[in-house]
Amino acid sequence: MSIYLDNGSTTKIDPKVLRAMLPFLKEKYGNASAIYKLGAEAKEAIEKSRKQIAEKLNVNSEEIIFTSGGTESNNFAIKSIAFSNRDKGNHIITTKIEHKSVINVCKWLETQGFEVTYLDVDENGYVKGLEEAITDKTILVSIIHGHNEFGTIQNLEEIKNICGNIYLHTDACQSFTKFPIMADLISINAHKIHGPKGIGALYIKKGVRIDEWQHGGGHENRMRSGTENVPAIVGFGTSAIIDHRVEYIRELKDYFINQLNKIDNIRINLSKDLPHVISMTIPKIEGEAIVGSLDMEGICIATGSACNSNSLEPNQSLLAIGLNPQEVNSTIRITLSKFNTKKEIDKTVKVLQEIIKKLRDISPF
Amino acid sequence: MAYSKKVLDLFRKPKNAGKMKDYDGVGKVGNPVCGDVMWLYIKVKDDVIIDITFETFGCIAALASSSIITDMVKGRSIEDALKIVKDDVLNELDGLPPVKIHCSVLSIDALQEAIYDYLSKNKKEISEFLERRHQELEKERKEVEVKYKDWIQKEEDLHEE
C-alpha cells in the first residue's frame, strides 16, 4: 500500500463525494440550461452545491461563480478586475510568494500596461510593506491566504483594513474549509479538499466591479460561460460540507514534527498555521533524490526544489522567506490529509532516516 | 517518474560511491546553488584509471550519471576515457528526460576535470582540448559565484557566526 503525503498537491476523493457525483455521470446527465425535467434536475443540483459552498464561506449563493479550478479563478479575478477598473488606475499589488497562476498573470498584465508591485514577506512568511506600496492608482491587491509551501496564513482582516476601498483578492485554495476567509474576491477549488479535479469557484462580493472574462452563452449569471460541469459541481458542493477533521490533521502534524526530531540536522521551515503543511530542509541532500527514494518505498511527497518540474528555477517562495538557493534545493514538502494515520507517519520517518543516511554518505558536503 | 529502469536501478544501488583516500586526481564540478555537485576521484597507474569513485549532491539523474561514468571509465586508459561523450553516458543510462540531460554533461565535466587535475599535478602534457574545457568550467564557476555572491557571502557570514 502506498502512503500518500502530497495532499497540498491534490487529494483523494472522499467516498461520500464520489457517491454524490455518480448519478450525474450516469442517469442525470442533462444540460442545466435545458427546460425539461432532466435539465431542471441538473440545475437544481448546481444551485444546491452553490449554497453548500456559500454557507461554508459564510457568503451569499449569488456571489459564487463556478470555474474550472484555482488557476482559472485566479486568472478570472485578477485579469478581469484589472481591465474592468482601468479607468481608476493601473497599479496592482501582489507578493513574491504567490502561486504561479497569480505571479504569471501579473507578469502578463505588466505587458498590457499595468504596473505590479511584488511585496516581500518577513522571516515568518507574513506580508510586509503593503501600506507603503499603495498609490492612488492601485486598483487591486492579491495576496495568497494559506501558503502551499510553508503553511503561513495571512491576516486578511488586517490586510483588508489597509486596503480600504481597494479590492482585495485572495487565493485560498489551501485554506478553504480549514480557516475562515475574508476578501472581496476568493479563489477556491475542489481537488484540494477531497473533491474532483477540474472544478473551482470564485467568490465575488456583491458590488465589486468586474466583467465576465470567459464569454459565450451567458452561464453562471452572465459571469462565466460554458456548459456547467454538473458532476464536478455536485462533488465540489459535497466536498465543502463533509467532515474535514482539521484538528485530527493538526494532531498528526504535531506528531510528525515530533518524530522528525529523531533525524539529525534537519530543519522545519515555518509550517505553523495551516494544519497539513510541513516544509523541511535536509542539508547535504538534493530534494528530488529524497522524493525519488521515498517513491521507491511507496511514499509520495513533493520537493520544494528546482528539480520538481520542468523548470530549473529555484522556488521563489522559499527564497522569499530567507532560504538560500542551496537550502531551497534541499527542501521537501509533506502535506497531510484526514486519511493519513500515525502508523503511516512512523513508517515514513523510519524510511526517511535510512534514506537520509544513505544519501548523506555519498554527498560531497 | 520518467526515468529508465537503468537509471532507477543505479540510483537505488549506486556503484563506486564514496570518498577515495590517496587519489591521484579529483574533479569538482557543479554548484549547490544550481542543484547538482559532483566530485570524481581517480587513481591512476601507467596512464590507466585503475580506480574511480564519486560523491554527489544531486537529483536522481545526477546520481545515476555519476555511478555510470565510474563504471564506464574503470580500467580504461586516460586516452580512452577522454573519448567518452555525453551521448555515450545517455546510451548507457537508456536515456534521460530532456530537462536532465545536463546531468550527463556534468559527469563528463567531472571526469575531464579529474584527469586534468591528475595531469597537471604530475606535470604531464595537457591537450589543447582539455585545457580549453578546464578554462571554460573555471569561467562558468566564477560566473555563478558572481551571480550568487550575496548568497555565498551570506553563507560565509553564517559560518563565521
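Start in chain A by selecting β9, β10, β13 and β12: in that order they form an open sheet of four strands with antiparallel pairing. The edges are β9 (267–269) and β12 (302–303) of chain A, each with a single partner strand, so one side of each has no neighbour in the sheet. Strands here are DSSP runs of E with at least two residues, helices are runs of H or I with at least four, and both are numbered from the N terminus. Two strands pair if DSSP finds at least two bridges between them.

A word on what you have open: this is a predicted model, where local features need pLDDT of at least 70 and side-chain atom pairs count only at pLDDT 80 or more, while totals for chains, interfaces and linings use all residues. Residues are numbered from 1 along each chain as its sequence is written, chains are lettered from A and ligands numbered from 1 in the order in which they are written, and side-chain values use heavy atoms, with hydrogens and water left out.

Next, zoom in on β9(A) and β10 (residues 277–281) of chain A, which pair in the antiparallel sense over three bridges. Pick Arg267(A) and you will find its bridge partner, Thr281(A), in β10(A). Angles run from 0 to 180 degrees between N-to-C directions, with axes fitted to C-alpha atoms, for helices over the stretch in contact; contact means heavy atoms within 4.5 Å.

Hop over to chain B and select β1, β2 and β3, an open antiparallel sheet in that order. Here β1 (25–31) and β3 (48–57) of chain B stand at the edges with a single partner strand each, so one side of each is left without a neighbour in the sheet. β1(B) and β2 (residues 36–45) of chain B are joined in the antiparallel sense by seven bridges; in β2(B), Val37(B) is the bridge partner of Gly30(B). Helix α2 (residues 60–73) of chain B lies across β2 and β3 of chain B, at about 175° to β3(B).

Last stop: select Asn7(A), Lys178(A), His244(A) and Leu336(A), which are among the residues lining the largest cavity. Domain 1 (3–10 + 244–362) and domain 2 (15–241) of chain A both contribute to this lining, so the largest cavity lies between them; the domain bounds come from an automatic or database assignment. A cavity is a set of points on a 1 Å grid over the protein atoms alone where a 1.4 Å probe fits but cannot get out, and lining residues have an atom within 4 Å of a point.

Note on methods
On a 1 Å grid over the protein atoms alone, a cavity is a set of points where a 1.4 Å probe fits but cannot get out, and a pocket is an open set with protein on both sides within 12 Å along at least five of seven lines; lining residues have an atom within 4 Å of a point.
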